[in-house]
Amino acid sequence: MDRYVAAIDQGTTSTRLILFDADGRIAAADQREHEQLHPRAGWVEHDAAEVWRRTSEVIGAALEKCGATAADVAAIGITNQRETTVVWDRRTGEPLCNAIVWQDTRTDALVRELAGVAGVDRLRDSVGLPLSTYFSGPKISWILDGVAGARERAEAGELAFGTMDSWVLWNLTGGHDGGVHATDVTNASRTMLMDLRTLDWHDPSLELMGIPRCMLPEIRTSSEVYGEVRGTELAGRPVAGILGDQQAALFGQTCFEAGEAKNTYGTGSFLLVNTGAEIVRSERLLTSVAAKIGDAPTSYVLEGSIAVTGAAVQWLRDQLGLISTASEVEELALSVEDNGGVYIVPAFSGLFAPHWRDDARGVIVGLTAYARAGHIARAVLEATAWQTREVVDEAAAATGRPFGELKVDGGMTANELLMQFQADVLGVPVVRPVVTETTALGAAFAAGLAVGFWKDQAELRERWSEGRRWEPAMDERLREREYGQWKKAVTRSLGWAG
C-alpha cells in the first residue's frame, strides 16, 4: 500500500530525503552534508559524484527510520539548488569537473563580454533573466572553454549538461545505463537558455554562449512520470515531480494563485510572487516559470533573489567564531537592545536583487567603540529582513499589488527575533506554516499529483495549515528612518570590486 511520497531535496550544503504521509506531514527524514569547495576567491564548487553518494545514502537511511520499503512509496519528487551546473560523460557517468555552484562568480568577465554593447538585458525579453554570473548558461560556456577538449566532446554528443535535478534524475534512473536525461520547466527557466513562451531551448541564447543543443536535457513539465528508479532502495518506484527549490517552496506553501507569495530563508533568501498565466516584467526582479502541472496552463513568477542571508550567520560561526552553532545567533543578538547603530551589508560576492551589482562587497558600517558581538549578530539578522523589504517593495510595484501578508519558510524562520523584525520592517503579518520544510513538500506535492496520491490542488490546500503568525509592532516613522540608514549602508558596499 502506498503510504508515503518521497522528496529528494538536493540543496546547496546538504541533501535530504523526506517521506511525507497523506496529510502532508513528515514521517521520516535523513540529511547528509557535502563539502563546499573554494579553490579560488569567488569560486564555489561541489563534487557532483559526492552529491550523488549522499543522495543514495539518505534514501536508505530515511526508509530505515520508519521501517518503510519501496512498496510503501507512491512516487519520488526532486527539488534542487538551481543554476548549479554539472557536465558529465554520457558513457561513463563521470563528471567532467566539479559542479559550478550558483554563488560562483568566475564568469564575471565572460558575462561582460556576452553583454557587449547590447547590455545585460539583451536576452531578457525571451528568457526573463539578465546576463549574470548567477545563471547556468555562462557556467556551461566556461566549462566548454576551460576544460581541455570539452567543446569538441560536447559537439560530438559525448557530454551532458544538467542542473542538479537532471544529475540526480539521470543517476536515479540508471545513469550511463539508460538514465533519463531531462529537466523541468522551472529549472530550465533558470539557465538563461529557455524561451519563457515556448518552453523550449532558445536558439539565440545557445548561439550567443556557444552551447550545443545536443548536450541539453529534455524539458518536461513539473508533474509527470519521468522514469522508474533503478539501483537504490526505491527501485521500481516512479520519479514523478521536479521543481527548482524556490518554486517547490512556492508550491509547498500552496501559493497557486496570482498575487500569492512566499519568502524562503536559506543560504540566500528568495521571494517569489505567483503572477499566474501572465509573464510580468521587472527591471530589478527575475521572471521565471512557477510551475507547469501536467496539462494545466503554465504559471509564472517574479522572483527577488538575495544572495546572502543564512550564509551570513554561517560566516559569524565559521569565519569569525562569534557563535558555535547557527541557532546561537538569536541568543547573541538578544544580548543587546538594538543594533547599536551597526549595519552589515553581506555582499560577499556582489548583490543580487534588486541591485544586481557584481562589484559590491560586504561592509560593516556605523561602528563605534560601543559596538559588541551582540550588535554584530543583530545587524546580520536585520540585514536579512532589510534585503527582504527591498525585494518586497519591488514586487509590489511590478505587480501593482501591495502585500497583505508574507508566507515564510526555511531554516531561519525558527529565529523568533528575525521573524518579528521582518514583520516590523514590512508592516504586514509574517506567517509560518506548521510544516516548514515546504521545499521538500512542494516536490512531494508535484509527484503525488502525478500518480493520484493527492487528487488536486484543492486537496493540497487542505494539507497546509498556519503554525505561527507575527504581527508588525514597529512605529512607521522609526521603520522608515531605519530603512533609510540601511539604504545608505548599501551605497557604501558598491564599486569595491572590478
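**Figure A. The side chains of aspartate 30 and arginine 32 are joined by a polar contact of 2.8 Å.** A polar contact is a pair of N or O atoms within 3.5 Å, one able to donate a hydrogen and the other to accept it; residues adjacent in sequence count only if both atoms are side-chain atoms. The model is predicted, so local features need pLDDT of at least 70 and side-chain atom pairs pLDDT 80 or more, while totals for chains, interfaces and linings use all residues. Residues are numbered from 1 along each chain as its sequence is written, and side-chain values use heavy atoms, without hydrogens or water. Aspartate 30 belongs to strand β3, which covers residues 26-33. Helices (H or I, at least four residues) and strands (E, at least two) are DSSP runs numbered from the N terminus. Aspartate 30 counts as buried because its relative accessible area is 8%; buried means under 20%, exposed over 50%, and partly exposed in between (1.4 Å probe, protein chains only). When residues up to four places away in sequence are not counted, aspartate 30 touches Thr15, Arg16, Leu17, Glu57, Val58, Ala61, Ala62 and Lys65. Such a contact means heavy atoms within 4.5 Å.

Figure B. Tryptophan 88 has alanine 160 of β8 as its bridge partner.

**Figure C. Helix α6, residues 164-172, is mostly covered.** Nine of its nine residues are buried. Just after α6, glycine 174 adopts a positive phi of about 130 degrees.

**Figure D. Methionine 192 and leucine 199 are shown for their backbone angles.** Most residues other than glycine have a negative phi, and most peptide bonds are trans. Methionine 192, however, has a positive phi near 75 degrees, and the phi of leucine 199 is also positive, near 60 degrees. Methionine 192 lies in the loop between α7 (185-188) and α8 (203-209), and leucine 199 is likewise placed in the loop between α7 and α8. Methionine 192 is classed as buried because its relative accessibility is 0%. Leucine 199, at 16% relative accessibility, is therefore also classed as buried.

**Figure E. A cis peptide bond links alanine 353 to proline 354.** The omega angle of this bond is near 0 degrees. Proline 354 is located in the loop between β17 (343-345) and β18 (363-365).

**Figure F. Threonine 413 occupies the loop between β19 (406-409) and α13 (416-426).** With a relative accessible area of 2%, threonine 413 is buried. Its contacts, apart from neighbours within four places in sequence, are with Tyr265, Val408, Met419, Arg432, Thr436 and Trp470.

**Figure G. The structure contains zero disulfides.** A disulfide is a covalent bond between the sulfur atoms of two cysteines; here, the cut-off is a pair of cysteine sulfur atoms within 2.5 Å. The cysteine sulfur closest to that of cysteine 214 belongs to cysteine 97, and it is 17 Å away, which is too far for a bond. Cysteine 214 is partly exposed, at 38% relative accessible area, whereas cysteine 255 is buried, at 3% relative accessibility.

**Figure H. Tryptophan 486 is part of helix α16, residues 476-493.** Tryptophan 486 is buried because its relative accessibility is 1%. A polar contact of 3.2 Å connects the side chains of tryptophan 486 and glutamate 390. Leaving out residues up to four places away in sequence, tryptophan 486 touches Tyr343, Ile344, Val345, Pro346, Ala383, Trp386, Gln387 and Glu390. Proline 297 is 189 residues from tryptophan 486 in sequence and 40 Å from it in space, C-alpha to C-alpha.

**Figure I. The protein as a whole gives the setting of these views.** The protein has 16 helices and 21 strands. Its C-alpha atoms fill a box of roughly 65 × 55 × 45 Å, taken along the principal axes. Of the 498 residues, 62% are buried. Among contacts between residues at least 6 apart in sequence, 72% join residues at least 24 apart.

Key: Two strands pair if DSSP finds at least two bridges between them.
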